[in-house]
Amino acid sequence: MPLFFYSALFLMYPQTRDLFPVSMAMQRDRLVGALGRIISNVDRVDDLVPFLKQLGRDHRKFSVVAEHYPAVGQALLATLQHFLGDRWTPALAHDWTQAYGLVAKVMTESAAEASTTSPPWWEGEIIMHEPRTPAIAVIRARLNHPYPFLPGQSASISFGLRPRLWRFYSFANAPRRDNTVDLHVRVVDGGTVSTALVYGAQRGDVLRVGAPVGGRLTLDPGRSGDLLLIAGGTGLAPLKALVEQVAYDGPRRNVRLFMGARTSRELYDLEALSKLDAENPWLCVVPVVSHDGLYRGEHGHVVDVALKAWRGQDVFVCGSEEMVQTTVGRLLDAGVPPGQIHFDEFTSDGGKQ
Ligand SMILES: Cc1cc2nc3c(=O)[nH]c(=O)nc-3n(C[C@H](O)[C@H](O)[C@H](O)COP(=O)(O)OP(=O)(O)OC[C@H]3O[C@@H](n4cnc5c(N)ncnc54)[C@H](O)[C@@H]3O)c2cc1C
Ligand code: HEM
């Protein structure tokens, strides 16, 4: 189905080809599946509006403009007609046209509104690129315009070596006056963008950074109280940003950060966090290693060690999908109330809506 859609689109409107990744073969489909899901849920349009507005604003980073929307609509209808055959009736065609029109209207209006206040993407020059393990790099980039974001948020990022491919990465710092942001990137086996960022990127290269997104790991300004943070691998990034936020806000709460890794070598940011720990009496950082017989510190699954320190704090969890699922399951089993568990996972599709 995606193949037919893209063939129809590029044949009818060749000018749209340049908006998409160079190699579509290497790319999982991001657009067609979402289009079908969204349009067929149009009867819930009120629930969808906030998401569609963000999607429309965000589509500016693909260089999509209002004139492209009818082209995608036509290619979608041609695809449905092809696959539905006799079941494609004028009434159905009418319904889908209306539904697509409505969704496109919300997206284009929101894009037009956003373009009066923010750029389609920011540019960030890499000013530091530190390989910390064979598979993890810490990257610092300086953005070309002010970039308001909340600690705990992420952004979709694209890099010149992999043009037009966008992936989400979390900021590992609270906003700074010099507009720099830190990213912690781990190579995923066979991963297109992570490999380029860790092995190919260097100082002076420029990243494209989309608008900040995500609210699952941000601190609720209305809630105070101590925090227990549980990180798996580079899931440390947004939780380190929370630690920095508590430090900037003035240490009104105690924070315990448990950082999990398979081996001690993978504790890629231990030096920086140990320094923070030594400087701040309200902070306690505990590294936990699961597969390293020679390691002298805490052993086991990071959640099991963290649970020993749970005294009713709000808990924040971030890491791979598997780590987050296991961790949240164990927290619930141990009686942590669901409303106090905040989590986000590094999925490959970023598809959380
Ligand atoms: C909100 C959010 C925040 C994120 N923050 C970070 C971060 O701070 N640091 C970081 O290193 N990553 C982060 N990620 C993951 C990141 O967006 C990419 O998915 C990851 O870097 C892989 O991209 P790729 O292009 O290299 O792999 P792709 O070319 O997209 O995929 C290659 C293969 O690996 C699989 N795969 C893709 N991503 C993952 C994954 N995360 N885990 C396991 N298998 C995967 C794919 O299914 C595919 O088979 C975040 C993801 C989300 C949704
Ligand atoms: C109703 C209209 C549309 C909907 C609901 C929609 C939805 C989506 C979604 C959910 C994604 C994945 C999100 C992401 O990767 O950030 C996506 C990606 C994309 N969309 Fe749209 N879209 C629409 C219209 C358009 C139009 C008109 C164009 C321009 C031709 C376009 C071009 C793209 C591109 C280039 C991508 C990235 C594809 C990739 O990386 O493979 N979209 N779209």
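The second largest pocket of this predicted model holds about 250 Å³ of space. A pocket here is an open set of points on a 1 Å grid over the protein atoms alone, with protein on both sides within 12 Å along at least five of seven lines. Grid points are joined across faces, edges and corners, and a volume is the space filled by probe spheres set on the points. Fifteen residues line the second largest pocket, and Leu-219, Pro-221, Arg-223, Asp-249 and Arg-253 lie nearest its centre; a lining residue has an atom within 4 Å of a point. By class, this lining divides into five nonpolar, five polar and five charged residues. Ala, Val, Leu, Ile, Met, Phe, Trp, Tyr, Cys and Pro count as nonpolar, Asp, Glu, Lys and Arg as charged, and the others, Gly among them, as polar.

Residues are numbered from 1 along each chain as its sequence is written, while chains are lettered from A and ligands numbered from 1 in the order in which they are written. As the model is predicted, local features need pLDDT of at least 70 and side-chain atom pairs count only at pLDDT 80 or more, whereas totals for chains, interfaces and linings use all residues, and side-chain values use heavy atoms, with hydrogens and water left out.

The largest cavity has a volume of about 70 Å³. Its lining includes Leu-219, Arg-223 and Arg-253, along with Asp-314, Phe-316 and His-342, and is made up of three nonpolar, three polar and four charged residues. The second largest cavity contains about 60 Å³ of space. Here the lining has six nonpolar, three polar and one charged residues, among them Met-259, Glu-266 and Tyr-268. Helices (H or I, at least four residues) and strands (E, at least two) are DSSP runs, numbered from the N terminus.

Ligand 1 is surrounded by 22 residues, the closest being Arg-167, Phe-168, Tyr-169, Thr-192 and Ser-194; a residue is near a molecule if one of its heavy atoms lies within 4 Å of it. This shell comprises six nonpolar, 11 polar and five charged residues. Polar contacts are pairs of N or O atoms within 3.5 Å. In one, a polar side-chain atom of Arg-167 lies 2.7 Å from an oxygen atom of ligand 1. A side-chain N or O atom of Thr-192 is 2.5 Å from a ligand oxygen atom, and a polar backbone atom of His-184 is 2.8 Å from a ligand nitrogen atom. The protein covers 80% of the 900 Å² of accessible area that ligand 1 has on its own, with areas taken from the Shrake-Rupley method with a 1.4 Å probe. Strand S4 (167–170), strand S5 (180–186) and helix H6 (192–200) each give two or more residues to the shell, and the largest share, four residues, comes from S4.

Definitions and conventions
Polar contact = N/O pair within 3.5 Å; in protein donor to acceptor, adjacent residues only side chain to side chain. 1 Å grid on protein atoms, 1.4 Å probe; cavity = no way out; pocket = protein on both sides within 12 Å on 5 of 7 lines; lining within 4 Å.
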